[in-house]
Amino acid sequence: MKLRYPQWTKPYLLIAPALALAVLFSYRPFVLTVLNSLYTVSLSGKRITFIGFDNYIRLFANPSFQASLYNTLRFTLFFVPINITICLSAALLSNRPGRLATLNQIFFFLPMAVSLSSSMMILKMMFNPSIGIINQLLHLDVQWFNNRHAAMALLVFAGVGLDIGLNFLLLSAALRNVPTDLLEVARIEGANSVQTFRYLQGPLISSTLLFVVVTNIKDAMLISSPVMILTEGGPFRSTQTLVYQMYLEGFKSGNYAIGSTIATVVFTLTFSILLLLLHLERRRVYYQ
Amino acid sequence: MKRLTAVVATLFSLAVVFPIAYSISASFFQWADFTAIPARLLPSVPTFDNYRRAFSESNLLVFLSNSLYSALVGTVVRMTISILGAYAFTFFSFKGKNFFFILIVATMLLPPDALILENYTTIRTLRLTDTYLGIISTTLLAPTHLFMLRQYFLTVSREYREAAVLEGCSDSRFLTTLLIPISKAVIITLAIHSFSTIFNDYLWPLLVTNREMMRTVQVGLTMLGFSENLDYGPQFAAITLLMSPILITFIALHKPIQDSVSTRFTGR
């Protein structure tokens, strides 16, 4: 026994760094954030007085927060279906043999190679209303950064650009795993491509699809960096999202309590989404 | 029908790759090419001037070395922590093993972006703002890596280690001469993933660096000062420079990348 486990402390020492980091940078800040949301907090981040849910009441009455909540939900509502449609069409269209198809596939996942800040800077320049290539090429006169709807559309477009690479890879991998003999039978039986997808491919890729949908919803609710680089929440707060407002309140206005309250709302939203995933995984998905 | 699919797919994929292709092309534009009517897709006379200016008129090189350094150090520390943790959770029996394992893996449920307020306070209290350690601090724990390494280590028989220990082999020797070499493929994949995650991070480095000379390239790229003055050439040159190595890698390795996704996520 002594030989096998020379020191009982050894495993604890081995996991100590991971454990310390988990506490220091995940659990401690999480608990403090939730705690801060129940207090008034000084500029230096010290909790002063316990005020219960007053921060939440103030927050939900705050027009800026209402705008953030509305924008985040609106963004999620537009982004998720559009993104899924685009990524799934890309995966379906390029799911065929041949060299041209391989080239199509490479093009579809190539955006994954571009970092977030690079791709946002590219879009910022391409969509510049006066000298950007998009307006010039399409003969448009859209004020992408000064029009509420255009700015939101741009943000959705940016989100798709960021996600298409990975989503495409996941979905096309799932499609390639659909057994070819089943597809062959469907073809011989005279099923068209819509029927093949509806009754064969769709059900067989449902677990991957569900994973993609749920991570998309989660990412959409947490969107902040693209807003920061592209639109800075404007025009007139029309693209200000929850995490972006949290950043503004915490780092620009020094309003720690409100920032922490928004963070707690965000935690609650993401937890609910993840619980929904677990629930759906158990009940609805068809596994082979 | 087949031909139509091919045509639609090709047009669609060209649209997806257009921003990347345009950026590369525009990095060789002359200033007048951006305002030409009708709009230009290719440079009139290709010029390398933008690349020269991107380096000489900004601190791009400093930003780049900050990023490379922090991503390299971050990856090494992060992999070490993950490997040691996974090793303990696979080959040792100890009190509270499952509890601690779940405790570490469950941090995946806490979105890092929503924790930035408190994490920033921690880093400020520790006086780590504007340091490399501050930049990499929140990325050092990778619960997914620890989890995946443990899954892999579990396929290695526990008897190997027991035999090795009976023969008088130390844990560090077992790790470096047996376990790490046989897990090379997984470790390299995760290390590449770590490197690109830390290298591409934007929000956290933005918060913890105030001094220009400490900025990482992802943050610095948005503040080069070119695009604000509609001076797009050098900005596109900087972006092209940054993305080219990864683009080339992706194109060269497209087959293994697609295959690794297919086996990792669908379990076959």
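Where is the place of A:Pro235 in chain A? In this predicted model, A:Pro235 sits in the loop between helix H11 (225–230) and helix H12 (242–252) of chain A. Helices (H or I, at least four residues) and strands (E, at least two) are DSSP runs, numbered from the N terminus. The model is predicted, and local features need pLDDT of at least 70, side-chain atom pairs count only at pLDDT 80 or more, while totals for chains, interfaces and linings use all residues. Residues are numbered from 1 along each chain as its sequence is written, and chains are lettered from A and ligands numbered from 1 in the order in which they are written.

A cis peptide bond links A:Gly234 to A:Pro235, with omega about -10°. A:Phe236 is found in the loop between H11 and H12 of chain A. A:Phe236 is not a glycine, yet its phi is positive, about 50°. Most residues other than glycine have a negative phi, and most peptide bonds are trans.

Chain A is assigned domain 1 (10–50) and domain 2 (54–283). Such bounds come from an automatic or database domain assignment. The C-alpha centres of domain 1 of chain A and domain 2 of chain A are 30 Å apart. Nine residues of domain 1 of chain A are in contact with eight residues of domain 2 of chain A (contact: C-beta atoms, placed from the backbone, within 7 Å). On the side of domain 1 that touches domain 2, helix H1 (10–36) and strand S1 (39–41) of chain A are the elements that give two or more residues. By class, that side has four nonpolar, five polar and no charged residues. Here Ala, Val, Leu, Ile, Met, Phe, Trp, Tyr, Cys and Pro count as nonpolar, Asp, Glu, Lys and Arg as charged, and the others, Gly among them, as polar.

S1(A) also pairs with strand S2 (residues 47–50) of chain A. The sense is antiparallel, over two bridges. Strands count as paired if DSSP finds at least two bridges between them. A:Val41 has A:Arg47 in S2(A) as its bridge partner. S1(A) and S2(A) form a hairpin with five residues between them. In the turn, A:Gly45 has a positive phi of about 95°.

Between the chains, 73 residues of chain B are in contact with 71 residues of chain A. H1(B) supplies the largest share of the chain B side, 14 residues. That side divides into 48 nonpolar, 21 polar and four charged residues.

Axes are lines fitted to C-alpha atoms, for helices over the stretch in contact, and angles run from 0 to 180 degrees between N-to-C directions. Angles under 35 degrees count as roughly parallel, over 145 as roughly antiparallel, 65 to 115 as roughly perpendicular and the rest as oblique. From H4(A), A:Leu100, A:Asn104, A:Phe107 and A:Phe108 take part. Their counterparts in H1(B) include B:Ala6, B:Ala9, B:Leu14 and B:Val17. The contact of H4(A) with H1(B) has eight nonpolar, three polar and no charged residues.

Chain B is assigned domain 1 (21–58 + 229–268) and domain 2 (77–223). The C-alpha centres of domain 1 of chain B and domain 2 of chain B lie 31 Å apart. Helix H7 (residues 143–153) of chain B packs against helix H10 (residues 184–200) of chain B at about 175°, with axes 11 Å apart. H7(B) and H10(B) are therefore roughly antiparallel to each other. B:His145, B:Met148, B:Leu149 and B:Tyr152 of H7(B) make the contact with B:Val186, B:Leu190 and B:Ser194 of H10(B). By class, this contact has five nonpolar, two polar and no charged residues.

Technical notes
Contact = placed C-beta atoms within 7 Å.
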